[in-house]
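Dear colleague,

Please read the notes with the structure open beside them.

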Amino acid sequence: MLTLLRNIPKSYAVNSRRFFDKEGFILPLVLIISLIISTGLMALAARSWLGLNGSIRQSQSRQAREIAEAGLARLIESLNSDYSYLLIKDLGDWGNQSYTSSICTNSQIGSPSTTGTVGSDGRYTLVDYDFQGSPFYGGKAMIRMRGERLRGSNSVAATAIVDQTLEIKPKSCTTSFGEPTVTSGFPGLLGQSIVLGNNDVFGKLSGNVLCLQCYSGTDYESLTRAQQESYIQMKNNGSVAGQIFLGPIDLPPVPEPPASLSFGTPLDITTSTTLTAGTNTGACRVESRGAGTPITHCIVNSIDLNSKNKILTVDTTGGDVRIYVRGPQVTLTGGAAIRHIPPNAPASSLGLFGRPIDPTNAYPDQLVRLAGASTTNALWAFFPDGNMGINGGSKETAECDGTGECTGGDINGAVWAKVWNGSSSNVAQLVVPADIGTQLFNSFGPQYALGIRDYVALGISHWSSWTKQ
């Protein structure tokens, strides 16, 4: 037996050193595998935490955007319902109390809230409101609102900015958008103070009267039609076909001739005179406008015509004519008239303008009397420092159609003055064309297309947002 054991090959003998070497190799392997698994678990946990944190941040950003959108909705609702006259003003002008459109009676004085809260953890702030357009035709408003999602400590967790562009549309004060228009809102007769007397103002759409200082209150919506007529001192035989508005409006400056033109001695018109578009001598000068129709500007000291044989004829066949009165008066009595030809010429093609407004009354008011017996025809008269009126009866009785629009009258156009002093006669007539606001807009610019209008914001044409943590 001993001999057999001795003869066993060495390769079959147990190598204790090799056995223990293999046992030493397994332990590091287990440790390495454990480390890899631990690292993977930690990475997975970190990824899960980052995902959760990102989800929270994304949720907070979404909430901030929703807060900004809620602020926009509240602002637009407030503007549409109570402060629609601010829809056509930039944010920086909301508090300056100047109005390019007079305020409808259903509006409030002041401005809407530009900040607010949503729930217990949301805050919004109006960043900007920028209107681009005109009061006459409306336009677009670009609104920027900031929304903030707050933490429990009232610090800001997320901020979102939302931009919206809205369509701003004009409408009548008494109708909803899309309903038939009952008035253009344009003031055919405008004055700081008005004594209408027995004068008639014709024209359903634009035959409106606006008195800036006839009523000192702010509760315009409480006034009845009878009270409005009383404040403009309308007598029993007087009438206003359009609306009566009492309240402030921001008047544009009276038009002036271009400073580049040099004029001769101003005219004193006391006999029959003809002013023709294109005349470029003496007190009249022509303003060339490239491809546009030229404008003839004439400087006049005063106009004093006192008999039916004395006529001031203005021919606008070759372009608009604008007459600037620098002196104390324009008086047409005894049948004298301003005759505007051709007969179909629009009122905007003949402008009769007085001195600029004189807030301190440093000079006597200009006296402007257009005789009722005259055929004054189509014109726009603007005398910010003038005491204006019509005396006597008319040879051009207004003729109206079924829609309430008329022709004829002593003046066919519009009259703006410091004071309107109406005649005691019941046949002095101002006929206001339905499109007179559009005429002045096209001929003189958007600031002269005044109106008592309501506005509405609708139709989002652009939307964008971004967030920050």
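A residue is called buried here when its relative accessible area is under 20%, exposed when it is over 50%, and partly exposed in between. Please keep in mind throughout that this is a predicted model.

With sulfur atoms within 2.5 Å taken as the criterion, the count comes to 3 disulfides.

One of them joins Cys-284 to Cys-298, with an S to S distance of 2.1 Å. This pair links distant parts of the chain, since Cys-284 lies in strand β12 (residues 284-289) and Cys-298 in strand β13 (residues 292-305), 14 residues apart. The torsion about the S-S bond of Cys-284 and Cys-298 is about 110°, so this disulfide is right-handed. Cys-284 has a relative accessibility of 5% and therefore counts as buried, and Cys-298, at 1%, is buried as well.

Cys-211 and Cys-214 form another disulfide, in which the sulfur atoms are 1.8 Å apart; the torsion about their S-S bond is about 75°, so that this link is right-handed. Cys-211 is buried, with a relative accessible area of 0%, and Cys-214, at 17% relative accessibility, also counts as buried.

A disulfide also joins Cys-400 to Cys-406, where the S to S distance is 1.9 Å, and with 95° about the S-S bond this link is right-handed. Here Cys-400 is partly exposed, at a relative accessible area of 42%, whereas Cys-406 is buried, at 9%.

Definitions and conventions. Residues are numbered from 1 along each chain as its sequence is written. This is a predicted model: local features need pLDDT of at least 70, side-chain atom pairs count only at pLDDT 80 or more; totals for chains, interfaces and linings use all residues. Side-chain values use heavy atoms; hydrogens and water are left out. Buried means under 20% relative accessible area, exposed over 50%, partly exposed in between (1.4 Å probe, protein chains only). Helices (H or I, at least four residues) and strands (E, at least two) are DSSP runs, numbered from the N terminus.
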